[in-house]
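Biologist: Could you walk me through how to read a model like this one, feature by feature?

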Amino acid sequence: MLTALLFDLDGTLTDTDTLHLQAFRQLLRDYDGRELTQAEFDAQVSGRANGQLFAELFPNASHQERVALADRKEALFRELAPALEPMPGLLRLLEHAQSRGIGMCVVTNAPRLNAEHMLAAMGLNTRFEQVVVADELERPKPDPLPYLTGLQRLGAVAGEALAFEDSLPGVKAASAAGIVTVGIATTQTPERLQAAGAKLVVDDFDDPRLWRLIEAMQG
């Protein structure tokens, strides 16, 4: 039985990593002239919550300075993303779930301002019952707490849910919560997503293998 769908946001509902990379590059250049390569971004930045990430990027900055830098980076990102395109097949999946009474939740490491902006920029701000923001919890992804919280808010159990993730921390979090996890190969290779715990890896939500999995879980 399938009663819940839980979605990461960045790189899963919409492909935004290029925009985040641009924002980080501008922030680091302005701060101390640092450069950030695509490989460094993929390995060290993508999918992570800002708290620990900014402590690593700016080890000599105070807590207040790190918060201000994170706020600046996210403002740069929002300026770069006035409108966003949903991933191929996403609207079809959302309509399918809604017609069958399947609960839907966003589970993101992004700050709430970003989450609200991105959902509005896709025209999806009323499509999800819950938006779980990891920064508002005790522990972000890769800890399973954000996904466990999403299940709790939907009144669902892990064995009747599917999660969708593009990042390694996200796949690890959803898998550790006991949820069958589908990797979306926008930011990582299929091999890395599978190694992190993804049961299936697809390019987008139109993949026939995904729909076969959904049909099998619906019984």
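Predicted model: local features only at pLDDT ≥ 70, side-chain atom pairs only at ≥ 80, totals over all residues.

Biologist: What radius of gyration does the chain have?
Modeller: The radius is taken over C-alpha atoms, and the globule rule is 2.2 Å times the number of residues to the power 0.38. For 219 residues a compact globule would come out near 17 Å, and the chain agrees, with 17 Å. Its C-alpha atoms fill a box of roughly 55 × 30 × 30 Å along the principal axes.

Biologist: What share of the residues is buried?
Modeller: Buried means under 20% relative accessible area, exposed over 50%, and partly exposed in between (1.4 Å probe, protein chains only). In this chain, buried residues make up 52% of the 219.

Biologist: Which residues touch the most other members of the largest nonpolar core?
Modeller: A nonpolar core is a set of buried Ala, Val, Leu, Ile, Met, Phe, Trp, Tyr and Cys residues joined through side-chain atoms within 4.5 Å. The largest has 53 residues, and those touching the most other members include Leu 5, Phe 7 and Phe 164. Helix α1 (residues 17–32) gives the most to this core, with 6 residues. Another core, of 16 residues, lies apart from it, with Cys 105 and Ala 156 among them.

Biologist: What is Phe 164 in contact with?
Modeller: Contact means heavy atoms within 4.5 Å. Leaving aside neighbours within four places in sequence, the partners of Phe 164 include Leu 93, Tyr 147, Val 182 and Phe 205.

Biologist: Is Asn 50 buried or exposed?
Modeller: Asn 50, in helix α3 (residues 50–57), is buried, because its relative accessible area is 11%. Not counting residues up to four places away in sequence, Asn 50 touches Ala 70, Glu 74, Pro 111 and Asp 135.

Biologist: Which peptide bond is cis, with omega near 15 degrees?
Modeller: Most peptide bonds are trans. The bond from Lys 141 to Pro 142 is cis, and Pro 142 lies in the loop between β3 (130–133) and α7 (145–154).

Terms used. Residues numbered from 1 in each chain as written. Heavy atoms only, no water. Helix = DSSP H or I, 4+ residues; strand = E, 2+ residues; numbered from the N terminus.
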